Amino acid sequence: MTFINYASREINCKIVYYGPGLCGKTTNLQYIFDSTAPQARGKLISLATETDRTLFFDFMPLELGTVRGFKTRFHLYTVPGQVFYDASRKLILKGVDGVVFVADSQEERMDANVESLYNLEENLKSQGYDLMKIPYVLQLNKRDLGNVVPVEDLAAELQRKGEPVVEAVASTGAGVFDTLKAVAQQVLTELRKG
Amino acid sequence: MADTPILLREQQYHQIKAVLARLRMDASAKVVFLVDKDGQEIASLGEVGNLDTTSLASLAAGNVAATGGMAQLIGEKEFPTLSHEGEKDSIHISVIGRLLLVVVFDERSSLGLVKLRSKQVSQQLASMFDEIASSDYDDLDSPFAGITDEDIDSLFS
């Protein structure tokens, strides 16, 4: 939920990266963190297991700049992808302004993508949101691997409403900022509508 | 959509800060801050210094959300207060509707005092926030009303 503070002239929005386990949600945030000037971002908080799997969420505040005299800050969150952390995923979607679905392009992860997307729709619904109305981007990650499903097949299976589809290799940063820009644009456009 | 944006007027912001300032003094606390349940920091006051209040706000909300989830699993609506005691500094969190009142304190204060003082201002903060949520904002000039695609693009240039 967007928070506009007229006293400190700040706008805060919440973006959640969703997707199946090991699809690269945390890697997206890590790349953004590594390639952003320290003054434009806060700490990257990772609540992870000892084996670096996300346990609760990753969080990073990112200041994009000033629009009409208001500082525009995006709070980026990831959810834990593993199936059994569903209760946590639901909680993190509370107050969301925009969602990025990170799909794993590998053939063997197709079922996991479909299951996670279905789970996203259900969990959004349980928080009172509708995927068809919320700012949303589909990222096709891991395009550098050998066993990937063609983009058009992935889009046919996973695209829900004509949302922007971004090809990415989050580990090298390809497509990471394009994805963020695509979702941020939609969030700000929603704000324009009021 | 599930929630409407929170729009905080300058005067309301200063009123909230005044309540937090009094609480901080009465509870002999180091830092007091008010956070939305979704993790957005609304106002903070005190020895903020190098404290990363944005991260703390997000983690406090995550903490309350997680314990709230546990509460529901055992048949409780929620746990209205949470306390974490450290060697030097401690944290007390009160859930006030959709707000979290977070108080950081050290040996100059005590959990009992913080609990008491937090409870005393809870009602006041709740009604202030109700007013914020139900206010008519037609007179406020939305910073986004006239935003152009170029403005948005410029954020990423």
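**Figure 1. Burial and overall dimensions of chain A in the predicted model.** Of the 194 residues in chain A, 50% are buried. Along the principal axes, the C-alpha atoms of chain A occupy a box of roughly 50 × 35 × 30 Å. Among contacts in chain A with a separation of 6 or more, 69% are between residues 24 or more positions apart.

**Figure 2. Secondary structure of chain A.** Chain A comprises five helices and eight strands. Read from the N terminus, its elements follow the order β-β-α-β-β-β-α-β-α-β-α-β-α. The radius of gyration of chain A is 16 Å, close to the 16 Å given by the globule rule for 194 residues, so chain A is as compact as a globular protein of that length.

**Figure 3. The open sheet of chain B.** Five strands of chain B are arranged in the order β3-β2-β6-β5-β4, with antiparallel pairing. Strands β3 (41–46) and β4 (81–85) of chain B each have a single partner strand and stand at the edges, so one side of each lacks a neighbour in the sheet. From one strand to the next, the twist averages 10°.

**Figure 4. Pairing of β2 with β6 in chain B.** Strand β2 (residues 31–36) and strand β6 (residues 99–105) of chain B run antiparallel and are joined by six bridges. B:L34 is placed opposite B:L101 in β6(B).

**Figure 5. Helices against the sheet of chain B.** Helix α1 (residues 10–26) of chain B lies across β2 and β3 of chain B, at about 40° to β3(B). Helix α2 (residues 53–73) of chain B packs on the sheet and touches β2, β3, β4, β5 (90–96) and β6 of chain B. The direction of helix α2 of chain B makes about 60° with that of β2(B).

Conventions:
Residues numbered from 1 in each chain as written. Chains lettered and ligands numbered in written order. Predicted model: local features only at pLDDT ≥ 70, side-chain atom pairs only at ≥ 80, totals over all residues. Pairing = 2+ DSSP bridges. Helix = DSSP H or I, 4+ residues; strand = E, 2+ residues; numbered from the N terminus. Axes fitted to C-alpha atoms, helices over the stretch in contact; angles between N-to-C directions. Contact = placed C-beta atoms within 7 Å. Rg over C-alpha atoms; globule rule 2.2 N^0.38 Å. Buried ≥ 20, exposed ≤ 12 C-beta atoms within 10 Å, placed from the backbone.
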